[in-house]
Amino acid sequence: MVAYKSKMVESISLPPRDRRERNLEAAGYNVFNLDADEVFIDLLTDSGTGAMSDSQWAALIRGDEAYAGSRGFDRLESAVEDVMGFSHVIPAHQGRGAENVLYGTVLSEGDVVPNNTHFDTTRAHVANQGAEPVDCPVDRAFDPDASDPFKGNFSLERAREVVDDVGPERVPLVIQTITNNSAAGQPVSVENTRRVREFADEIDATFVVDACRFAENAAFVRRREEEFADREIDEIAREQLGHADAVVMSGKKDGLVNAGGFVATDDADLYERCKQRAILYEGFPTYGGMAGRDVAALAVGLREAVEEAYVTDRIDRVAAFGEMLADVGVPIYGPTGGHAVYLDAGSALSHLPAEAFPGQAFVCELYREGGVRGVELGSFAFPETDRPELVRLAVPRRTYSREHFEHVAETAATVLEKREEVVGFEIAAEPEIPELRHFTAGLEPLA
Ligand code: F0G
């Protein structure tokens, strides 16, 4: 049941069709190049795009801008301790800043890092330390039709194979990402987190949880893991995160803010080491690249994220959006995850081979037909992997209502009706770093 109402609004409008056509062409058929004002419903990401509450705005105005020892930082420390259970916090400008601080501290050249699935920036930060990121998803993680409750889990089998291969001394760090963004936002069970803790102990590795969407994950755990059926969301979160030595957090997701992130840990030694790197790259460790007011808003947002009324509404809303799409015949990845609905463009546009980027074709059609912006997470974003041709429609927190989602579903239905006319793409210009090509590459429609 919805637990908030609007107090401030922002106008949006659907540009006329001929302008949408011109915009697409001018953007090189890459929706990252579109002006946001030319987008009607923006589902590019759930990161930093949500609405803050009146309590957060109040905290923001009262936040102080002291370089060292701000009041806002004290509040953030207490919020992290109360909600997540960690006593030391190092703020960062956003999640990837926190990744740089932590992974730059614990990794060295030649290390190997298992993770259920690395998010793009995680993969890049691990690689940036000269270490090798290895994905260890469970077998059915990329099967859009499998109905398992925890398709986001970390495969211990795969991780053990990695350790057998390279030896435990080369694996100083194990990461678990909850929810598993790169595997359709699927949740991770607490039982799986316990097993990963044991595995990390066996090989004497540091265990880090990427906690960006920890509250959404806890809401799934409560529904799907029997042991937790009667537990509060924040209790579940503390139980799950408590198995980790440290967490990296992007406040732009379950911190319910537009900017910010942090590293948190109970390990005093790790905290001291990270602090030095944080000063170098982020800022003094009581603000870490964030404005003091944003630190204050994050302290409030973290507490709101684990309120039951908010977070159950959140995952229900995403599930309802998924049902609307399924009802009009759009093939979606099921069950829906926590922060987005993923369309299976490979099956929707089955006449297009992977080389013609069916996901990107679907993304462009969503914009052409209805001014909707999603993002391709198939062959265009992940060259040379055998992932399905998914399109992510990410849902900003507390931002869109049922009518908006109905418009998206109607738009997707129109694309499906015209599917035979939809053409594929080829790459016209691409940047030097292949991992980042989908952000800036230009495309051309195939004749
Ligand atoms: N880890 C995960 C699992 C993420 O999903 C993200 C960001 C990050 C780390 C990095 O955090 O953006 O604050 O630097 N995901 C966004 C997305 C960008 O669209 O999924 P950040």
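Predicted model: local features only at pLDDT ≥ 70, side-chain atom pairs only at ≥ 80, totals over all residues.
A salt bridge is taken here as a side-chain nitrogen of Lys or Arg within 4 Å of a carboxyl oxygen of Asp or Glu. Across the whole structure, 38 salt bridges were found.

One of them joins R314 and E216, with N to O at 2.8 Å. That distance lies within the 4 Å limit, so the contact between R314 and E216 qualifies. R314 belongs to helix α12 (residues 308-327) and E216 to helix α8 (residues 214-224), so the pair ties together parts that are 98 residues apart in sequence. Both side chains, R314 and E216, are buried.

R223 and D316 form another salt bridge, also at 2.8 Å from N to O. Here R223 sits in helix α8 and D316 in helix α12, 93 residues apart. R223 is exposed, at 51% relative accessibility. D316 is partly exposed, with a relative accessible area of 31%.

A salt bridge between E369 and K418 spans 3.1 Å, N to O. E369 is in helix α14, whereas K418 lies in the loop between α15 (402-417) and β13 (425-429); the pair therefore ties together parts that are 49 residues apart in sequence. E369 is buried at 14% relative accessibility. K418, at 29%, is partly exposed. Both residues belong to a salt-bridge network that also includes R17, E21, E365 and R368.

Seven aromatic pairs are present in the structure. In one of them, the ring centres of F32 and F439 are 5.0 Å apart and the planes stand at 70°, so the pair is edge-to-face. F32 lies in the loop between α1 (17-26) and β1 (41-42), and F439 in helix α16 (residues 437-440), so the contact ties together parts that are 407 residues apart in sequence. F32 is partly exposed, with a relative accessible area of 28%. F439 is partly exposed at 31%.

The rings of F357 and F380 have centres 5.5 Å apart and planes at 55°, so this pair is tilted. F357 is in the loop between α13 (345-348) and α14 (358-370), and F380 in the loop between β11 (375-377) and β12 (390-394), 23 residues apart. F357 is buried at 8% relative accessibility. F380 is buried at 1%. Y67, F284 and Y287 make up one aromatic cluster.

On the surface, E157, E161, D164 and D165 gather in a patch of negative charge. D165 is located in helix α6 (residues 156-166). The relative accessible area of D165 is 69%, so D165 is exposed.

Notes
Residues numbered from 1 in each chain as written. Heavy atoms only, no water. Patch = residues over 30% accessible without salt bridge, like charges linked within 9 Å, V, L, I, M, F, W, Y side chains within 5 Å. Areas by Shrake-Rupley, 256 points an atom, 1.4 Å probe, with all protein chains shown as cover. Lys, Arg positive; Asp, Glu negative; His and termini not counted. Charge placed at Lys NZ, Arg CZ, Asp CG, Glu CD. Helix = DSSP H or I, 4+ residues; strand = E, 2+ residues; numbered from the N terminus. Buried < 20%, exposed > 50% of the residue type's maximum accessible area, 1.4 Å probe, protein only. Phe/Tyr/Trp six-rings, centres within 6.5 Å; stacked < 30°, edge-to-face > 60°.
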